[in-house]
Amino acid sequence: MHPSEYRARLLRILTMRSEEVAAKLRRFRDAATDAVVIDLFVGQDGEGPFDVWVRFEGADAFALDRRFDDERHIFGVVWGEEGWEPDVPSRPRGWSGEELEEATFETVAAWLEPLIPEGGPSWELTSVDGVSEPRRLGAHADR
């Protein structure tokens, strides 16, 4: 599978959750006082599972993280009885775990960018394993 095909298939699956995620992001914007960080956690086996969580930064970070608790989980992939749930593409043959994480990061960034609400705090996407450099999202991306 070519990297562009992997990213296109993954983006289609992410897009199915866009409306729900955009609503969550607006609630986070309205509550945040400083910054919002979106963390990408890629499974250590490097085969395909990943999670996307939101956390807050600043003076109210602890209280906001607790206030929104599990709602901060905006996407996740797990291994179920029938395979990946949701049915994301498996790691293409020949790819390293690092290549998979980079492609996943780029795809998640492309998915989230148009969903970031205007106004409010700065937004950043990070790769928890540090494979990809943190990326500013939304109106603050140019700063």
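Tutor: Happy to! Keep in mind that this is a predicted model. Before we reach the helix, let us start at a strand beside our topic. Ile-38 is found in strand E1, which covers residues 35–42. With 0% relative accessibility, Ile-38 counts as buried, because buried means under 20%. What does Ile-38 touch, once its neighbours within four places in sequence are left aside? Its contacts are Val-52, Trp-53, Val-54, Ile-74, Leu-112, Ile-116, Trp-123, Glu-124, Leu-125, Thr-126 and Leu-137. Take Trp-53 from that list: Trp-53 lies 15 residues from Ile-38 along the chain, and their C-alpha atoms are separated by 5.7 Å.

Helix H4 runs over residues 97–112, so it has 16 residues. From its first C-alpha to its last, H4 reaches 22 Å, close to the 22 Å expected at 1.5 Å a residue.

Is Glu-101 buried or exposed? Its relative accessibility is 3%, so Glu-101 counts as buried. Apart from neighbours within four places in sequence, Glu-101 is in contact with Leu-40, Val-42, Ser-127, Asp-129, Gly-130 and Val-131.

Next comes a helix that packs on H4. Helix H1, residues 3–15, meets H4 at an angle of about 45°, and their axes are 10 Å apart. That angle makes H1 oblique to H4. The crossing of H1 past H4 is right-handed. Which residues meet there? From H1 come Tyr-6, Arg-7, Leu-10, Leu-11, Leu-14 and Thr-15, and from H4 come Leu-100, Ala-103, Thr-104, Glu-106, Thr-107, Val-108 and Trp-111. Sorted by class, this contact has eight nonpolar, three polar and two charged residues.

For another example of helix packing, look at H2 (residues 18–31) and H3 (residues 61–68), which pack at an angle of about 150° with their axes 11 Å apart. That makes H2 roughly antiparallel to H3. Their crossing is right-handed. Arg-27, Phe-28 and Ala-31 of H2 make this contact with Leu-64, Arg-67 and Phe-68 of H3.

Key
Residues numbered from 1 in each chain as written. Predicted model: local features only at pLDDT ≥ 70, side-chain atom pairs only at ≥ 80, totals over all residues. Heavy atoms only, no water. Helix = DSSP H or I, 4+ residues; strand = E, 2+ residues; numbered from the N terminus. Expected span 1.5 Å × (residues − 1). Axes fitted to C-alpha atoms, helices over the stretch in contact; angles between N-to-C directions. Parallel < 35°, antiparallel > 145°, perpendicular 65-115°, else oblique. Left-handed = near helix turned anticlockwise from the far one by under 90°. Contact = heavy atoms within 4.5 Å. Nonpolar A, V, L, I, M, F, W, Y, C, P; charged D, E, K, R; others polar. Buried < 20%, exposed > 50% of the residue type's maximum accessible area, 1.4 Å probe, protein only.
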